[in-house]
Amino acid sequence: MPQRTLGRSGVPVTALGLGAAALAGLYTPVSEETAAATVEAAWDIGIRCYDTAPHYGLGLSERRLGEALRAKPRDSYTLSTKVGRLLEPHTGGGDDLAHGFAVAATHRRVWDFSADGVRRSLEDSLTRLGLDRIDIALLHDPDDHEEQAFREAYPALERLRAEGVVRAIGAGMNEAAMLTRFVTDTDVDAVLCAGRYTLLEQPALDQLLPAAAARGKSVIIGGVFNSGLLADPKPGATYNYAKAPGELLDRALRIRTISEAHGVPLRAAALTFPFGHPAVASVMVGARSPAEVHDAAAQLSRRVPAALWDELRAEGLLGVDVPVPDGA
């Protein structure tokens, strides 16, 4: 599988990465056996970039991913996790479905973008992972904590990188504006932008991607299916973790019609699209089964003809200035 390097960090990532939120029971439960088989399937097809976070299933994602990777040569893959939420024990019972995960509410999340919180978060993550190091540390969803994230959390990550505790640093969130500030005002190696650079919408193209390209920094794209709408557009499909508005569903259906007319499944066009921009290093795809991993790899390997992008532009579904991959 093709690889690129994150910014100037020397940290490699494969074109397709595995996002491990779904392995922790995102929306519906996933068994231990299925989670392990999903990571193994990703490994078998050449995926060597894995992303997790304490938030995902109250640490379950980290535990499951670490268990699956411990048997692999540590220098042969790249692992990222996130800081910003600490997990505190919770004895009140219940489940975590209010946060999207079908797991028992054994802990509660506590926002913490302090320098001490960053170090504690990474130490806790290493314990859950059962691994000796993390390659990439990302500030996770600092939307409502912007100033503390820049004043305290980011400098702490920079120190940890200088100490060799982590190899690359950055931020990951669902909005492009603050990620642009990280790219322009700090020395991050990469940012993870979820849902804002897809075949459906490209707000990250306004400032984030050009800024990253100009500064030699990398962008990892998550949420390439806009939380489901571009995977299978139909009534009731989700967009941004909620029911998709009618106008967006109509747009996705029009894109699918054109894509399929060129013999390309919509999932293939959606997965391929972000690589048209030179700042994009990897696309992170969530999977909850080996079948979903194999499907993602198969779709990404499909040839998408230039005529498909041309027709989307002609129909006003893709801006004329939006870069697209080579039709080869």
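Trainee: How much space lies in the second largest pocket of this predicted model?

Mentor: The second largest pocket holds about 350 Å³ of space, and among its 18 lining residues Pro2, Ala15, Thr272, Phe275 and Leu300 lie nearest its centre. Both β1 (3–5) and α9 (290–300) supply at least two residues of that lining, which by class has 10 nonpolar, 4 polar and 4 charged residues.

Trainee: Why is the aromatic pair of Tyr56 and Phe101 called tilted?

Mentor: A search of the whole structure finds 7 aromatic pairs. In the pair of Tyr56 and Phe101 the planes are 35° apart, and because stacked needs under 30 degrees and edge-to-face over 60, this pair counts as tilted. Tyr56 is in the loop between β4 (49–51) and α2 (60–69), while Phe101 is in strand β8 (residues 101–104), 45 residues apart.

Trainee: Why does Tyr56 count as buried?

Mentor: Its relative accessibility is 14%, and buried means under 20%, so Tyr56 counts as buried; Phe101, at 2%, therefore counts as buried as well.

Trainee: What makes Phe150 and Phe182 a stacked pair?

Mentor: Their centres are 4.1 Å apart, within the 6.5 Å needed for pairing, and their planes are 15° apart, under the 30 degrees limit, so the pair counts as stacked. Phe150 lies in helix α4 (residues 146–162) and Phe182 in helix α5 (residues 176–185), so the pair ties together parts 32 residues apart in sequence.

Trainee: How do you know that the charged end of Arg181 sits over the ring of Phe150?

Mentor: The charged end of Arg181 is 3.7 Å from the centre of the Phe150 ring, where the distance cut-off is 6 Å, and a direction within 35 degrees of the ring normal is required too.

Terms used:
Residues numbered from 1 in each chain as written. Predicted model: local features only at pLDDT ≥ 70, side-chain atom pairs only at ≥ 80, totals over all residues. Heavy atoms only, no water. 1 Å grid on protein atoms, 1.4 Å probe; cavity = no way out; pocket = protein on both sides within 12 Å on 5 of 7 lines; lining within 4 Å. Points joined across faces, edges and corners; volume = space filled by probe spheres on them. Helix = DSSP H or I, 4+ residues; strand = E, 2+ residues; numbered from the N terminus. Nonpolar A, V, L, I, M, F, W, Y, C, P; charged D, E, K, R; others polar. Phe/Tyr/Trp six-rings, centres within 6.5 Å; stacked < 30°, edge-to-face > 60°. Buried < 20%, exposed > 50% of the residue type's maximum accessible area, 1.4 Å probe, protein only.
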